[in-house]
Amino acid sequence: MLKKVLIANRGEIAVRIIRECLDSSIEAVSVYSTADSQALHRIIASRSVCIGGPRAAESYLNINNIIEAAKGTGCDAVHPGFGFLSENSGFARACEREGLKFIGPSSGVIEQMGDKAAARKLMKKAGVPVVPGSDGVVCDAEEAVRTAETIGYPVLLKASAGGGGRGMRKAYNEQEVREGFSAASAEAENCFGNGEMYIEKLIENPRHIEFQILADSFGNVVHLGERDCSIQRRNQKLVEEAPAWGLSRDLRRRMGEAAVRAAKAAGYENAGTIEFVVDKDENFYFIEMNTRIQVEHPVTEMITGINIVREQLRIASGLPLGFTQDEIRFEGHAIECRITAEKVFDHFAPCPGRVEFIHFPAGAGIRVDSALYNGCEISPFYDSMVAKIIAKGNTRLEAVRRMRRALEEAVITGVETTLPVQHLLMYNQDFLRGSYDTGFIESHLPEILDIYEAAGGKNESV
């Protein structure tokens, strides 16, 4: 096993990885910015190193400082978590160059799968269904218009190096293609340093279904089932559940086989996710591969009993998977709510500040992943997600009821959060029926906010 791991991240995922390292008798070294000097991930690690100022570019995105911190503390591996540098091939390559094991796929695989246009080509070659679109990048707006007219409107303009909804525009006619291409390309250049674009047919309001995969260095690849991540706002996921409700057994089998085929085609190692969209006729299409652990991995852990972070550490240590596909069992149903510090009546603007009091739920089937504690500060410099509440039941309805209870019990004061909105969501009739897609929040959020406002806009009034 690895002996000492540097966690190149912050917040709840850093806390999660640190705890798993310590449970595996591996020393855990955390890095922190000057804004995170009192953060939980700094406090609980075996050792911590300050790597720069409060802005991410000065610290959590500073490759040189992170590498020096790892070398200076004698680490033999680096875990990137999610976000920040987790899908940065240059960071993975720097780790490889310095003899540090990058806990994830190789830099070459990250680079290949991070280029969405190249990934599409690879998936087509491997026989994995892809959304109809351009064969590769489109050079300019004129080519984008020609491609859109060939595949038919509406289309989706996507940054080749994009992610998280950045560098993405919908277009329903030629004018929107021209305007959207320039805007999306500029945004992608600013966010990712790469303004290349490609085009896909827009599958309107599909379901967003992703498969968790694990792959070792011996060529063994398995999937851990699927998650439905369709409840999104501005391409940011709010609620995830596993398994996806209402998938036929045949569709689930075919998607799982395609996910494994995709990972093998990429020469993948460690944990990753194959993301699909599923249309109204149950046609499914590959959209991208996330070459890292996902925010929503706990719902998969809850229904499989497989500790994904522990498996990451084992794989990085050169050990083979300890199970085959046939040995994986799926039991019950799990739902995750991402709690963010945001002002729901101010277009969900971030709400940093001091947490005055916090109480997290517990009891049967409840798990909470968070880095909050009483009196801690939520920084304005980073993502606004502050906690994940996960509920498991023997059935989907039991999981929903437990989530309702958990959200009612949870208390976070000092900052505004999305807790009450997600609580109301657990009573929505369409959600309860499992009748939702990626357009759900856009169509239902106004109604949910009206109910919340009528109740006084207070957690205890919900």
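Tutor: A residue is called buried when its relative accessible area is under 20%, and in this predicted model buried residues make up 56% of the 462 residues in the protein.

Student: Why are S107, V109, I110 and M113 of helix α5 called buried?

Tutor: The cut-off for a buried residue is a relative accessible area under 20%, and S107, V109, I110 and M113 are the buried residues of α5, which runs over residues 107-114.

Student: How do you know that the buried residues of α5 line one face of the helix?

Tutor: Seen down the axis of α5, the buried residues fall within an arc of 165°, and therefore they line one face of the helix. These buried residues pack against α4 (89-97), β5 (101-102), α6 (116-125) and β13 (284-290), where contact means heavy atoms within 4.5 Å.

Student: What share of contacts between residues at least 6 apart in sequence joins residues at least 24 apart?

Tutor: For the protein that share is 65%.

Student: How far apart are the mean positions of the positive and negative charges?

Tutor: The mean positions of the 53 positive and 64 negative charges are 4 Å apart.

Notes: Residues numbered from 1 in each chain as written. Predicted model: local features only at pLDDT ≥ 70, side-chain atom pairs only at ≥ 80, totals over all residues. Heavy atoms only, no water. Buried < 20%, exposed > 50% of the residue type's maximum accessible area, 1.4 Å probe, protein only. Lys, Arg positive; Asp, Glu negative; His and termini not counted. Charge placed at Lys NZ, Arg CZ, Asp CG, Glu CD. Helix = DSSP H or I, 4+ residues; strand = E, 2+ residues; numbered from the N terminus. Arc of directions from axis to C-beta.
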